[in-house]
There are 2 protein chains.
Amino acid sequence: MISVEEALTRILAEIQPLNQTQVPLAEALGLVLAEDVIAKENIPPFDNSAMDGFALLSKDSRPRNGNPPRLRVTGGIAAGYVTDQAVEEGCAMRIMTGAPVPPGADTVIQVELTRNEGPESEWVEILQEVAPGNNIRPAGEDMHKGQTALQRGIEIGPWEIGILATLGYANVLVIRRPRVAILSTGDEIVDVGEQLQPGKIRNSNGYLLEAAVRRAGAEAHRLGVARDSVASLREKLNEAITYDLVLTSGGVSVGDFDYVKDVMQEQGQMNFWRINMRPGKPVAFGRIGAVPLLGLPGNPVSSAVTFELFGLPLIRKMLGHQRLVKPQIDVVVAEDIRERAMRRHYIRANVAWQNGLFVAHTTGNQGSHIMTSLLNANALLIVPEGGVILNAGDTAKAMMLDWPEVES
Amino acid sequence: MISVEEALTRILAEIQPLNQTQVPLAEALGLVLAEDVIAKENIPPFDNSAMDGFALLSKDSRPRNGNPPRLRVTGGIAAGYVTDQAVEEGCAMRIMTGAPVPPGADTVIQVELTRNEGPESEWVEILQEVAPGNNIRPAGEDMHKGQTALQRGIEIGPWEIGILATLGYANVLVIRRPRVAILSTGDEIVDVGEQLQPGKIRNSNGYLLEAAVRRAGAEAHRLGVARDSVASLREKLNEAITYDLVLTSGGVSVGDFDYVKDVMQEQGQMNFWRINMRPGKPVAFGRIGAVPLLGLPGNPVSSAVTFELFGLPLIRKMLGHQRLVKPQIDVVVAEDIRERAMRRHYIRANVAWQNGLFVAHTTGNQGSHIMTSLLNANALLIVPEGGVILNAGDTAKAMMLDWPEVES
């Protein structure tokens, strides 16, 4: 049995980011940028007005004998248009937000600080003196031509998409999304829509893992259930090796029908198959043909927890992410935890932010078949190896799966 | 001008969760459950073994004269199968994890605590005394028949999907996903693939909002750009009102070409169009026909920030979520903030968890056209109305958009 850390290290050592591909901008959301994005123009591309108002010479805004200066309005510039006409001394031009500042003008005064006779007015009174550059957004103030605007390796979120659009990237070079095959194993498993016969249970792991894989940013493909025979498993795995990763559940323990390990050893290689943790000791990792296979336990809670610990970082590495694992923080334990597990124990817990502390409550019966213990859990509270006992008020580490609840 | 709180209250008062719809289980991820989910069977459905081992009578595990008792193996039960054959005194049956406990047996001993001659052995020695119920997972221990397993109103994540699958919900009643039309406005806007001509900028808001709407869980449909004329806007809005929500950017300020407000007043109703905040004063909300319209500002940063403050809660309410807004926490400000804005100021900031405190650093130039200030921002630091100054070391509220960085 190896430690959780060694298992993760061994998995990640075998996994590389997938290849790069060009995708239309709108499809890049959530993927990792595979190129440095250089600004090919200044952004904004030209000096433009931050306000609706008037473009003028700043010196013309000075009061004359205590009265607001009155300037002749010689035209107007709307956003999206340019003018060759210069603003001359004693004159002003109407200007809209985002419109290019016309030649001659060195400042803009917002419409609220002026007085005139409406949209057709031939004159405008300037009610406040304004400095040069007022309300002017200079070309290149946000990004200058040649600047690296986004660095390869970042995750593309909505705001990065906005920047890519501004810079004219209709297509983006990204790391492609892994295609993940999900295979449940066991003669006891029936599909979700089927009537339960005696001795049978439904395929919860297939659906749970499909959703978890999608949430991790990969494509998930449920291949159904392999029966408890080497022939059935070989057939399903033959289909599975056309994917980038195979996730199985069940079949990796010490039982007579735990064939996943056997077929891996026969048709690929086994890296490890037991981890010193609970829930989830029987986790296998290796290859089937050339394709990585992560064999998760059959118990639904074990499957869910080991996916977070090993499946998620594996998929994130394929996606090219820099941060692979969920954050760990110090939490205060709200109740005694006296299970004396010799293996490291990951306890489903709900962590809330209360009075300046992260406080963790466990979510009930921690049996690996108790799916309801997953409900309301946003964290895995970590009880170290060796039969450690935690008392209420102790500090422990928790892996945060979701943002903690915040008192409002 | 109304406050941020009043604007949000007015928006949410006009919005109801959308109607319910039945979707296949795998498509329910991220949606809100619209029915209480009742367990129609016990889960697990039958007493079953937690281990690979032997089913026996617990009294037969007692050592005899200091020696391990030797029991006759009368058969085996694999997961997925049942047997009518009872385990009798002095006998044991081989049992696999998940297999139903056979009649007669009241306990299971794991294979590691037994000795025999391998899979075909006709006897087994029991190396440890075991109590009744050992390694038996009783029927209904996780969920009992008739129990409400999931309550309507929760968000369906991967773990809820696992529970739904276990309970046989091949289809699920959910609140349907809103279809959101996204419309950019302005004669200055060209599409992302086009060459920039003088005076033009690219349609960043359309792409940014499309991604943000998707991330919020809704379907996003970019309708392109309406030109600065009432006719063009009417035409585009005519298309937009077949959606559940219209998001526009630009055209809601005080300029001569800000027609969105006008068309709303003409063809629907205007609820408000100015909010006492920065960035993003010109935010309009109302209806076009019967369809809610949220008019966001044209500046990209204003558009991004006001989407988080108003668009996201609006969409989450349509989706039926209970928690609509992002969490606010107390943070320590790492640097002086002396902009003396009279409006409430939402400063793009990066919040990290350092030495037991949430610490906020601003992300540079806070102009509403500086898109690069969005990069690395995971929070909006809130500077209250009225020209408040924050000094380094002060505590302030921040709205967290993402999980803060954690020191490792």
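Author: Just after helix α3 of chain A, A:Gly217 adopts a positive phi of about 105 degrees. Helices (H or I, at least four residues) and strands (E, at least two) are DSSP runs, numbered from the N terminus. The model is predicted: local features need pLDDT of at least 70, side-chain atom pairs count only at pLDDT 80 or more, and totals for chains, interfaces and linings use all residues. Residues are numbered from 1 along each chain as its sequence is written, while chains are lettered from A and ligands numbered from 1 in the order in which they are written.

The helix itself, α3(A), comprises the 12 residues 204-215. The expected span of a helix is 1.5 Å times one less than its number of residues.

Of the 12 residues of α3(A), 10 are buried, so the helix is largely enclosed by the rest of the structure. A residue is buried if 20 or more other C-beta atoms lie within 10 Å of its own, exposed if 12 or fewer, and partly exposed in between, with C-beta atoms placed from the backbone. Among the buried residues of α3(A) are A:Ser204, A:Gly206, A:Leu208, A:Glu210 and A:Val213. Their cover includes β13 (179-185), β15 (201-202), β16 (219-226), β17 (245-249) and α6 (300-319) of chain A, together with α2 of chain B.

Chain A may next be viewed by domains, whose bounds come from an automatic or database domain assignment. The assignment gives domain 1 (4-17 + 177-319), domain 2 (20-43 + 141-175), domain 3 (48-137) and domain 4 (328-406). The centres of domain 2 and domain 4 of chain A, taken over C-alpha atoms, are separated by 39 Å.

The strands of chain A come next. Two strands pair if DSSP finds at least two bridges between them. Strand β22 (residues 328-333) of chain A pairs with β26 (residues 395-400) of chain A in the antiparallel sense over five bridges, and A:Met399 in β26(A) is the bridge partner of A:Gln328. Two bridges also join β22(A) to β24 (residues 357-362) of chain A, and these two run parallel. In that strand, A:Val359 stands opposite A:Val332.

Chain A also has an open sheet of six strands, in the order β7-β4-β6-β5-β9-β8, with mixed pairing. Its edge strands are β7 (107-110) and β8 (114-116) of chain A, each pairing on one side only. Within the sheet, β4 (residues 53-56) and β6 (residues 91-95) of chain A pair in the antiparallel sense over four bridges. The bridge partner of A:Phe54 in β6(A) is A:Arg94.

Some backbone details of chain A remain. Most residues other than glycine have a negative phi, and most peptide bonds are trans. A:Asn65 has a positive phi, near 50 degrees, and is found in the loop between β4 and β5 (70-77) of chain A. With 5 C-beta neighbours inside 10 Å, A:Asn65 counts as exposed. A:Asn355 likewise has a positive phi, near 50 degrees, in the loop between β23 (344-354) and β24 of chain A. A:Asn355 is exposed, with 6 other C-beta atoms within 10 Å. Finally, a cis peptide bond, with omega of about -5 degrees, joins A:Ile43 and A:Pro44. A:Pro44 is found in the loop between β2 (37-38) and β3 (48-49) of chain A.

Terms used. Two residues are in contact if their C-beta atoms, placed from the backbone, lie within 7 Å.
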